[in-house]
There are 2 protein chains.
Amino acid sequence: MTAGFDLPRWMETQLAVVEDALSAWVVSPAVPGGHVAPENLVSAMRYAVLDGGKRLRPLLVLAAYEAVHGDETASGCVGALRSACAVELIHAYSLVHDDMPCMDNDVLRRGKPTVHVQFGEAGALLAGDALQALAFELLTPLDDSVPSAVQARLCSLLARAAGSAGMAGGQAIDLASVGIRLDEAQLRTMHQLKTGALLKGSVLMGAHCATSDAAVLAALAAYGEAIGLAFQVVDDILDVTADSATLGKTAGKDADNDKPTYVSLMGLAGSQQYAKDLLARALQALNQSGLPDTAALAALASMVVNRSH
Amino acid sequence: MTAGFDLPRWMETQLAVVEDALSAWVVSPAVPGGHVAPENLVSAMRYAVLDGGKRLRPLLVLAAYEAVHGDETASGCVGALRSACAVELIHAYSLVHDDMPCMDNDVLRRGKPTVHVQFGEAGALLAGDALQALAFELLTPLDDSVPSAVQARLCSLLARAAGSAGMAGGQAIDLASVGIRLDEAQLRTMHQLKTGALLKGSVLMGAHCATSDAAVLAALAAYGEAIGLAFQVVDDILDVTADSATLGKTAGKDADNDKPTYVSLMGLAGSQQYAKDLLARALQALNQSGLPDTAALAALASMVVNRSH
């Protein structure tokens with residue numbers, strides 16, 4: 001399925017467009033008859049979003065759009081590109097808030113001081129809040145470049161992926177589970193919400209820009225769920241096998257904080273096998289989608305499982 | 001314009017519907033094939049939203065809808081009722097985050113311990129984040145009860161009212177201006193963003209559920225701007241004239257924190273006159289709207305200026 005597909009080249013092309021779009025859109029937004037955002041806030045928002053991160057979620061949006069639409073034109077589709085940036089803004093805001101002293105109290109992220117270290121806690125709090133709002137601003141352009149039915153569907157998917165039955169809900173379970181031994185089902189639920197919901201949401205947002213075919217969407221949802229879970233399993237593995245320099249963040253934090261992880265639950269070897277099984281499940285879902293070309297999605301799934309940071 | 005209009009009775013009817021809707025919707029949301037939100041998070045969200053607050057923003061949504069639509073049926077319009085709840089969720093989340101130790105460090109709100117006192121700082125942070133997402137979930141129901149073009153427009157208005165060129169931007173200016181003497185134009189800009197944007201947004205969201213007439217929307221925008229500013233002027237007045245028990249929050253905080261206020265800028269009498277001028281401006285805008293019955297909007301504007309808490 002991925003034979004002959006040049007993932008690095010594809011990523012380079014997509015990432016250039018995504019980075020340019022993020023840089024262009026994370027600014028004082030134009031509000032008709034309104035005001036512009038203050039510089040201190042915009043600086044913190046840009047710091048949180050630009051020049052860092054793997055951009056996995058935007059890549060999933062664009063790969064899903066291309067798989068459904070049938071050619072490599074995602075970055076030329078306004079809805080897909082806006083979705084790609086919107087999911088990254090949600091991800092970025094969650095990191096800003098997650099790093100704050102009252103949460104994980106992390107001072108290092110992507111090799112740089114975290115936002116609250118650089119801009120103060122209040123600045124980080126507001127930057128995160130404004131990034132979440134900006135994600136929905138991006139999905140609802142004031143011109144007619146994205147059909148309103150698509151805008152509504154994208155907002156619906158993103159809100160639910162980010163909210164209390166999605167990412168924020170997963171973080172709340174995480175918060176409540178420090179020092180508690182979760183079983184595998186509970187751990188899976190936590191991660192399906194905390195990380196999986198937005199990864200799956202990214203895939204579905206990209207797909208929804210090009211189709212409303214229920215069978216295709218169901219197959220891509222299954223793909224998204226599998227890689228969402230795989231992502232977290234690999235995260236837990238890397239937390240014990242990689243060093244801080246490679247990760248770009250503090251390694252060993254989860255074990256230190258007595259947080260439940262896949263490694264603590266099923267051991268290192270068991271976790272590595274589980275990640276491989278989830279990759280197989282993701283690839284099987286792509287086969288079942290009936291889509292002719294899912295090479296980018298397949299390659300991204302492999303990348304998620306085989307990454308070193 | 002307000003002759004014969006029974007505001008208390010109108011408010012009682014509307015508030016009963018809004019309270020019921022908030023209580024019904026601030027729960028573990030139903031996500032097709034997905035999970036429910038964890039109880040600890042939902043408890044903090046409900047604590048932040050229910051049984052408190054003047055519900056001014058929801059009332060503005062419903063009054064604007066009725067003024068445009070021409071009869072008292074707003075609470076029966078799904079889009080208007082969802083908008084009413086969504087703006088209140090944004091307001092509630094902003095209070096939760098604003099009360100946190102890294103911001104205003106307030107321990108009392110509406111006569112109750114603030115959310116971070118009750119649920120911890122991390123719990124308050126996540127509850128605020130989830131409330132913002134839930135606002136957009138409410139605006140994008142999965143059935144066809146709200147036309148998708150209206151959904152998209154409501155999300156667009158709310159995101160911009162809440163974001164970096166709206167409420168969050170105003171808070172950032174506020175944060176950067178402690179101990180600095182702002183002139184009137186700077187103070188007005190801060191409040192137009194911090195408080196005004198969401199009040200104006202509430203009016204426009206209600207109106208957009210029933211019309212896209214540019215002249216009507218422009219008049220209602222002018223009304224929303226005037227009462228938005230009046231609201232903050234009166235807030236500053238009450239901060240020095242009312243006691244904590246009446247306010248339900250700590251009085252005199254702004255002066256203690258050396259925050260710029262209208263009272264510090266134009267004195268108490270000057271501020272009171274300015275509030276009256278803004279009320280006149282709001283009522284004039286309603287006259288210019290050409291709408292036959294704006295009694296509820298007019299009465300709400302009077303209430304904003306003449307309130308004692």
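**Talking through the model**

Analyst: Let me start with how chain A is connected: among its contacts between residues at least 6 apart in sequence, 73% join residues at least 24 apart. Please keep in mind that this is a predicted model.

User: ok, and what is chain A built from, how many helices and strands?

Analyst: Chain A contains 14 helices and two strands. Its C-alpha atoms fill a box of roughly 55 × 50 × 35 Å when the box is taken along the principal axes, and buried residues make up 56% of its 309 residues.

User: what would the radius of gyration be for a compact globule, and what does chain A have?

Analyst: For 309 residues a compact globule would have a radius of gyration near 19 Å, and chain A agrees with that because its own value is 19 Å.

User: now the two chains together. what rotation superposes chain B on chain A?

Analyst: A rotation of 180°, with 0.0 Å of shift along its axis, superposes chain B on chain A with an RMSD of 0.0 Å. That is the relation of a two-fold axis.

User: and which residue of chain B comes closest to the rotation axis?

Analyst: That is Ala152(B), whose C-alpha lies at 2.4 Å from the axis.

User: why do you say the copies meet through the same surface?

Analyst: Because 100% of the interface residues of chain B are also interface residues in chain A, the copies meet through the same surface.

User: back inside chain A. how do α2 and α6 cross?

Analyst: The axes of α2(A) and α6(A) come within 9 Å and cross at roughly 75°, which means that α2(A) is roughly perpendicular to α6(A). On the α2(A) side the residues that meet α6(A) include Leu41(A), Ala44(A) and Met45(A), and among their counterparts in α6(A) are Ala127(A), Ala130(A) and Leu131(A). By class, this contact has ten nonpolar, two polar and no charged residues.

User: and what about α7 with α9, what angle there?

Analyst: The axes of α7(A) and α9(A) come within 9 Å and cross at roughly 170°, which makes α7(A) roughly antiparallel to α9(A). Among the residues of α7(A) that take part are Arg153(A), Leu154(A) and Leu158(A), while α9(A) brings residues including Leu198(A), Gly201(A) and His208(A). This contact has ten nonpolar, two polar and one charged residues.

User: where does α8 sit, and how many of its residues are buried?

Analyst: Eight of the ten residues of α8(A) are buried, so this helix is largely enclosed by the rest of the structure. The buried ones include Met167(A), Gln171(A), Ile173(A) and Asp174(A). What they pack against comes from both chains, namely α4 (78–98), α7 and α9 of chain A together with α2 and α6 of chain B.

User: switching topic, which residues have a positive phi without being glycine?

Analyst: Two examples can be given here. Arg110(A), which is not a glycine, has a positive phi of about 55°, and Arg110(A) is found in the loop between β1 (108–109) and β2 (112–113) of chain A. The other is Arg55(B), with a positive phi near 60°, placed in the loop between α2 and α3 (56–69) of chain B.

User: are those two buried or exposed?

Analyst: Arg110(A) counts as partly exposed because it has 13 C-beta neighbours inside 10 Å. Arg55(B) is buried, with 21 other C-beta atoms within 10 Å, where 20 or more is what counts as buried.

User: last one, where is Gly267(B), and how far in space is it from Leu131(B)?

Analyst: Gly267(B) lies in helix α13 (residues 262–289) of chain B, and with 11 C-beta neighbours inside 10 Å it counts as exposed. Gly267(B) and Leu131(B) are 37 Å apart in space, C-alpha to C-alpha, and 136 residues apart in sequence.

Technical notes
Residues are numbered from 1 along each chain as its sequence is written. Chains are lettered from A and ligands numbered from 1 in the order in which they are written. This is a predicted model: local features need pLDDT of at least 70, side-chain atom pairs count only at pLDDT 80 or more; totals for chains, interfaces and linings use all residues. Copies are superposed by least squares on the C-alpha atoms of residues with pLDDT of at least 70 in both. Two residues are in contact if their C-beta atoms, placed from the backbone, lie within 7 Å. Axes are lines fitted to C-alpha atoms, for helices over the stretch in contact, and angles run from 0 to 180 degrees between N-to-C directions. Helices (H or I, at least four residues) and strands (E, at least two) are DSSP runs, numbered from the N terminus. Angles under 35 degrees count as roughly parallel, over 145 as roughly antiparallel, 65 to 115 as roughly perpendicular and the rest as oblique. Ala, Val, Leu, Ile, Met, Phe, Trp, Tyr, Cys and Pro count as nonpolar, Asp, Glu, Lys and Arg as charged, and the others, Gly among them, as polar. The radius of gyration is taken over C-alpha atoms; the globule rule is 2.2 Å times the number of residues to the power 0.38. A residue is buried if 20 or more other C-beta atoms lie within 10 Å of its own, exposed if 12 or fewer, and partly exposed in between; C-beta atoms are placed from the backbone.
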